[in-house]
Amino acid sequence: MKLFDIIWKEISLIKAQKIAIALIFLYPFIVVGLLGSAFTGVDISRMNQIKIGFVNNLNFESEIVDSLVTSYSNLSITQYDNEDLLRAGLYNKQVISGVILRGDAPNKQLKVDLLYDNSNLLSSRFFMEIAKALIQKTTSDYAQKNLGRIWTTIKAFGSNIDEEIRNVEDFKSQLSSAELALDDLELKLNAVEYKEGDVNSVRASFNKFKSEYESLKGPLAQNKETLKKLPGQIDEASVLISSIVKNLEYFDSVLLQDSDKNLLNEQISHLNSINSKMSKWKSMSLQLITITEKISDETSEINKSFSKVDAIFEKATLGARSIEEVKELIASARESKITIESKLDSSSALLSKFSKELVEFSKIDPKVLAQPVIFYEGKIYNVDPFGILVSNALVVVLILTCMLLTSIIFIMEKTENVTLRLELSPTSKFILFLGKIIGQLVIALIEAGIIFVVAFAKIPLPFSILGVTHLGFGLVTSANLFELFLAVVLVSLTFICLGLFIASLVKNQSTAILTSLLVIVPMLFLSGIVLPLEFMEPTMQLVSSILPMTLANNLLIGLIIKGLTISQLWFEAGLLLFYSLLSFGVVFFKTKL
Amino acid sequence: MKVVSVKNVSKFYGQKQVLDNVSFDIEEKEIFGLLGSNGAGKSTITSIILGLEKQSSGNVVLFEGQKKNLKKRIALVPQSTAFYKDFSVEKNLRFFASVCGLKSKQIKPRVKFLMSWLSLEPFKDVKAGHLSGGYQRLLNIACSLVHDPELIFFDEPTVGLDPKMRQMFWLKIQDLKAAGKTIIITTHYMDEAEKLCTKLALMKNGKMLVIGKPRELISQYGGIKVMIFNITGGVKKEDIQKIRTVLNQFTVISRDELLFIPFEQEHTFEKVIAVTEWLMKKGYNISSSITKEPNLEDVFLNITGEGMKQQE
Ligand SMILES: Nc1ncnc2c1ncn2[C@@H]1O[C@H](COP(=O)(O)OP(=O)(O)OP(=O)(O)O)[C@@H](O)[C@H]1O
Ligand SMILES: [Mg+2]
């Protein structure tokens with residue numbers, strides 16, 4: 001019960017703090033609502049805020065370039081002709097991070113320079129990582145594709161090679177059987193050297209001769225005697241013809257007419273030619289008689305040789321058949337040779353294709369497959385990346401100290417009635433405020449001084465503590481120290497005046513702190529220190545760009561990192577001064593002192 | 001010299017009228033007491049005189065219209081302490097001395113004087129927040145007086161102080177009067193007002209009821225004296241009636257052993273003797289008796305009307 005009462009007391013006390021309670025309930029809505037509306041759409045629709053510039057320094061066609069531009073079309077990717085233009089684009093924030101593609105050959109490792117804006121570290125590094133991931137993805141896709149090609153080739157070759165091995169085995173067995181067949185053939189060829197057809201035709205003409213001979217044998221024997229009488233008969237005829245001629249020659253002298261004489265001489269020469277033919281015929285018949293004699297004499301010998309020849313023909317036919325067989329064997333051997341050849345052709349084609357691909361693959365640098373791309377990171381401003389942290393730290397620390405301290409002390413003076421006393425004092429309100437602001441400024445400058453000492457110093461430690469070997473960061477900046485001092489004064493002044501403004505609105509310290517935080521926390525999120533500005537709605541980006549914290553951050557970044565001067569940062573400086581004067585003015589005329 | 005002259009001042013907070021046509025003057029070296037129940041408008045009129053608030057109508061003239069260095073001539077000792085709790089006593093005093101326009105040469109002796117005058121010397125290096133309540137109040141006075149003002153406002157200066165400290169405060173205020181300062185005190189303590197003030201003003205609901213010297217006010221508005229007898233066993237009813245006839249007055253009241261008899265101021269002495277004699281003659285044993293004199297408190301209660309309610 002007691003505990004319950006204490007709990008209830010606590011809640012009641014909180015309830016009594018009207019502004020605090022309002023803040024407690026408004027706070028989540030304000031912060032979440034503000035951030036929600038500012039950052040709704042860190043999604044595809046926001047991707048066009050990711051502004052990446054790139055330079056293609058590859059002197060060959062690369063699908064990486066194409067895929068970089070096409071497959072990520074929802075990003076805002078801009079191509080520049082050269083690095084200088086890209087850097088210019090980075091300087092005036094056309095793009096937030098840059099990519100320069102380099103590389104010696106299509107199959108060599110791709111070299112990529114990544115440029116980030118170290119004055120906009122968060123967004124720029126973030127986008128750079130996106131660009132890096134994109135390139136990594138396309139290049140590893142590319143490498144994967146190559147690896148895939150190699151793999152499928154090897155796999156195909158692997159499955160074909162089994163068949164090749166089988167073919168070769170086949171070929172071997174076929175060759176050995178062919179060898180046997182050829183051995184056989186050799187034997188057979190040693191025995192026979194002719195064809196059955198030749199033998200048969202010879203045999204046929206022999207048989208024809210034999211049958212003609214047989215058919216001649218009978219008539220020859222029959223006409224043998226008649227033939228023997230033939231020469232005598234020819235002689236008789238010849239004598240007769242000669243006597244006719246003599247009679248005719250007689251008539252020559254008788255005949256008066258020349259034409260008759262010519263006709264007679266024609267008859268006489270005709271008869272003389274017949275008579276000469278008769279003498280040839282006689283010699284022929286004499287020869288025929290001798291031949292007939294010879295045939296009848298050698299008859300038995302021919303007949304004997306006829307049977308011998310038949311036996312020879314039998315053997316010759318057998319030999320010729322063997323030759324046919326051998327020919328068949330040779331033909332089949334030739335066929336198998338052809339198939340083997342074709343198989344060997346396909347094998348060799350396969351092997352040559354494979355070797356060609358291997359040659360192709362050998363052009364691919366193995367490094368490309370293992371690590372297709374090498375990244376080199378570079379910043380566009382020649383200041384360490386943590387330079388921005390110095391600026392961020394300054395802004396965050398200054399806003400916290402200046403705003404909180406100023407408002408807390410202002411309220412403390414009010415609640416402790418000192419304000420009343422000061423109000424009654426003859427000292428003017430302006431002097432009182434001036435003193436207050438300068439006092440706060442001194443603290444702010446000490447605070448800033450400490451940050452700068454840590455930032456600029458680099459003192460080696462005698463031993464390393466948790467890997468830390470130096471005290472301080474050794475920041476090198478081209479910023480003019482006096483300008484830096486002025487900027488810190490201006491930033492502090494703005495935050496102090498804002499602190500005064502908040503304090504003038506509220507009644508007690510806790511509310512002042514809550515209200516200050518209510519102002520600081522959303523500003524922190526919207527200032528680009530914690531979240532990348534580029535992901536905010538464009539209208540909120542506009543709002544963000546005029547928030548005191550953003551202005552302060554930009555002013556300090558401009559000086560420390562970009563090496564600009566305050567006069568170049570007139571917008572930030574001017575607006576900060578305006579805020580200071582405005583809030584100071586409101587407080588000054590609102591407060592009775 | 002009329003240090004303060006308030007004429008027909010009215011003040012509204014929105015619809016609410018807090019001051020209704022208030023007028024009064026405060027002479028030099030006076031200790032002017034502003035009396036009135038809570039919410040009467042004392043702080044409001046003080047604020048208006050100090051210039052912390054603006055009146056809705058009427059006007060306030062200080063030092064007969066001399067405007068030069070006005071703030072250096074006035075001081076307020078606020079009811080609640082007003083100094084830096086984290087600063088030492090001396091540092092507070094030095095700071096306020098500086099803010100109130102003292103030259104650096106003047107600061108040291110002035111601070112030293114105030115510390116010794118208000119017995120703060122031993123605590124000069126103690127943080128103001130660590131002082132006891134009474135000393136914080138002394139420091140509060142010191143802080144207000146760093147510039148040696150001529151017109152000093154004390155807003156309920158002795159609330160929450162022990163009797164010894166109150167005495168000391170009164171002495172200090174009288175010191176100031178002796179030093180020629182004009183002092184305005186708002187207070188709820190009538191004894192304080194009666195002892196300290198040379199002039200009193202009584203306010204109610206924003207209206208100025210009466211203004212006058214304490215004696216005058218008491219005799220004018222203090223009303224009657226009351227005699228209270230403590231009689232062993234009490235007084236019989238019929239005797240009370242008899243006392244009424246003896247004294248020739250209606251109001252005689254008996255409660256248990258106590259007998260209350262109010263008197264007009266002029267006839268007090270004879271009547272007391274008469275009653276005492278009569279009671280003793282009747283054989284009553286008077287164990288004790290007191291006479292209650294009218295004081296400022298009675299004036300206050302009578303005038304504001306709140307006393308009547310209590311008596312009923
Ligand atoms: N700022 C203000 N706004 C509205 N009303 C106010 C304000 N200041 C005072 N009042 C009202 O004016 C009336 C007079 O207040 P004031 O403080 O003058 O009384 P007081 O006589 O000083 O009372 P106390 O003896 O309690 O100090 C009160 O009713 C109070 O509520
Ligand atoms: Mg008051």
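**View 1. Helix α1(B) contributes the most to the shell around ligand 1, with three residues.** This is a predicted model, in which local features need pLDDT of at least 70, side-chain atom pairs count only at pLDDT 80 or more, and totals for chains, interfaces and linings use all residues. Residues are numbered from 1 along each chain as written, chains are lettered from A and ligands numbered from 1 in the order written, and side-chain values use heavy atoms, without hydrogens or water. Helices (DSSP H or I, at least four residues) and strands (E, at least two) are numbered from the N terminus. Around ligand 1 there are 13 residues, with B:Lys16, B:Gly39, B:Lys42, B:Ser43 and B:Thr44 the closest; a residue counts if one of its heavy atoms lies within 4 Å.

**View 2. Side chains of chain B meet oxygen atoms of ligand 1.** Look for an N or O atom of the B:Lys16 side chain at 2.8 Å from a ligand oxygen, one of B:Asn38 at 2.9 Å and one of B:Thr44 at 2.5 Å; polar contacts are N or O pairs within 3.5 Å. Of the 630 Å² of accessible area (Shrake-Rupley, 1.4 Å probe) that ligand 1 has on its own, the protein covers 62%.

**View 3. Strand β12(B) (residues 258-263) pairs antiparallel with β10(B) (residues 225-231).** Six bridges join these two, and pairing takes at least two DSSP bridges. Here B:Phe260 is the bridge partner of B:Ile228.

**View 4. A hairpin links β11(B) and β12(B).** Three bridges join these antiparallel strands, and B:Ile253 stands opposite B:Phe260. Of the hairpin's two residues between the strands, B:Asp256 takes a positive phi near 50°.

How values were computed: A polar contact is a pair of N or O atoms within 3.5 Å; within protein, one must be able to donate a hydrogen and the other to accept it, and residues adjacent in sequence count only if both atoms are side-chain atoms.
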